[in-house]
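Here is a short briefing on one protein model. Look over the fold before reading the points below.

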Amino acid sequence: MGEMTSFAVPFVVRGQIYDEATIEHDGSGFRFVTPDPLEILTELALDGTTGMADLHGISLGDIVEFLAELGKRLNPDENGLMRQAFELSVFTSNLPERVLRTIYSEQLDFFFRPEVLIEAVERRIGAAFLEGWVDEQGPDGRNVRVRAYGARTAHVIAGNTPGVAAITIVRNALTRGDAIIKTPRNDPMTAAAIAATMVEFAPDHPLTRHVSVLYWRGGDQSIEPRVFSSATIDKI
């Protein structure tokens, strides 16, 4: 048997990159190693409902500008983490290598283009609802005020195409959400690479601080149970 190819997959949690890999995940001809998710568990949750206030201080225009800049930085020819995501996906994905190469090199940035972002907002939500209160008439004839707010969410994403990771991060940003993204075994790296790129060029930006990406084996009963203090449990 030939030597297995090994990849290091980091966790990205609220603007911090964790790359101390201690857990191995083996596949056919490859393995990838990750940090222990239980070691950073207490860093995932926000402290209280006011933890998203910083998101409300940025405009939709600021968000679009941030995402457009992020999209320019995702080409695997220039971004080592994205190149590693592509190389790992060659082993894990059901898509052919030539298709994956096209997606990473030519298509991922499409989701981050300003015209695509603005069109998606207008078609699915309406920019006015993201920017402030909108006066409408309710079904009973009374005037009501409506506004779209982001939420604290956990995303268990699919890995059938790398575009899923990109769309998840984009939509979380556009809605000013707070996302904990659990990556899939057939694409454990793409979302982490995108989030780590956010950290590299804007570590203190609200959009960076409200994305966390990590991998753990779904349904894994072999993880050793841990005992947490009551203060830790309250935070979670």
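In which loop is R176 found? R176 is found in the loop between helix 6 and strand 9. Helices (H or I, at least four residues) and strands (E, at least two) are DSSP runs, numbered from the N terminus. This is a predicted model, in which local features need pLDDT of at least 70, side-chain atom pairs count only at pLDDT 80 or more, and totals for chains, interfaces and linings use all residues. Residues are numbered from 1 along each chain as its sequence is written, and side-chain values use heavy atoms, with hydrogens and water left out.

**Loop residues**

- The phi angle of R176 is near 55 degrees, a positive value in a residue other than glycine.
- R176 is buried, with a relative accessible area of 5%. Buried means under 20% relative accessible area, exposed over 50%, and partly exposed in between (1.4 Å probe, protein chains only).
- R14 lies in the loop between strand 2 and strand 3. Its phi is near 50 degrees, a positive value in a residue other than glycine.
- R14 counts as buried, at 16% relative accessibility.
- L108 sits in the loop between helix 3 and helix 4. L108 counts as buried at 1% relative accessibility.
- Leaving out residues up to four places away in sequence, L108 touches M82, I103, P162, G163 and A166. Contact means heavy atoms within 4.5 Å.
- From C-alpha to C-alpha, L108 and V90 are 16 Å apart in space; in sequence they are 18 residues apart.

- Two strands pair if DSSP finds at least two bridges between them.
- Strand 8 and strand 9 (residues 178–182) run parallel and are joined by 5 bridges.
- H155 stands opposite I181 in strand 9.

- Strand 4 and strand 5 (residues 30–34) run antiparallel, joined by 4 bridges.
- D26 has R31 in strand 5 as its bridge partner.

**Helix 3**

- L100, I103 and Y104 are buried in helix 3 (residues 97–107).
- These residues cover an arc of only 85 degrees around the axis, which puts them on the same side of helix 3. The arc is that of the directions from the helix axis to the C-beta atoms.
- R98 and E106 are exposed, on the face of helix 3 turned away from its buried side.
- The buried residues of helix 3 pack against helix 2 (80–92) and helix 7 (190–201).

**Pocket and cavities**

- The search used a 1 Å grid over the protein atoms alone: a cavity is a set of points where a 1.4 Å probe fits but cannot get out, and a pocket is an open set with protein on both sides within 12 Å along at least five of seven lines. Lining residues have an atom within 4 Å of a point.
- About 290 Å³ of space lies in the largest pocket. Grid points are joined across faces, edges and corners, and a volume is the space filled by probe spheres set on the points.
- The largest pocket has a lining of 15 residues, of which A120, R124, V170, R171 and L174 lie nearest its centre.
- Helix 4 (114–124) and helix 6 each supply at least two residues of that lining. Helix 4 gives the most, with 7 residues.
- The whole structure holds 2 cavities of 30 Å³ or more.
- The largest cavity has a volume of about 40 Å³. Its lining includes R176, H56 and Y149.
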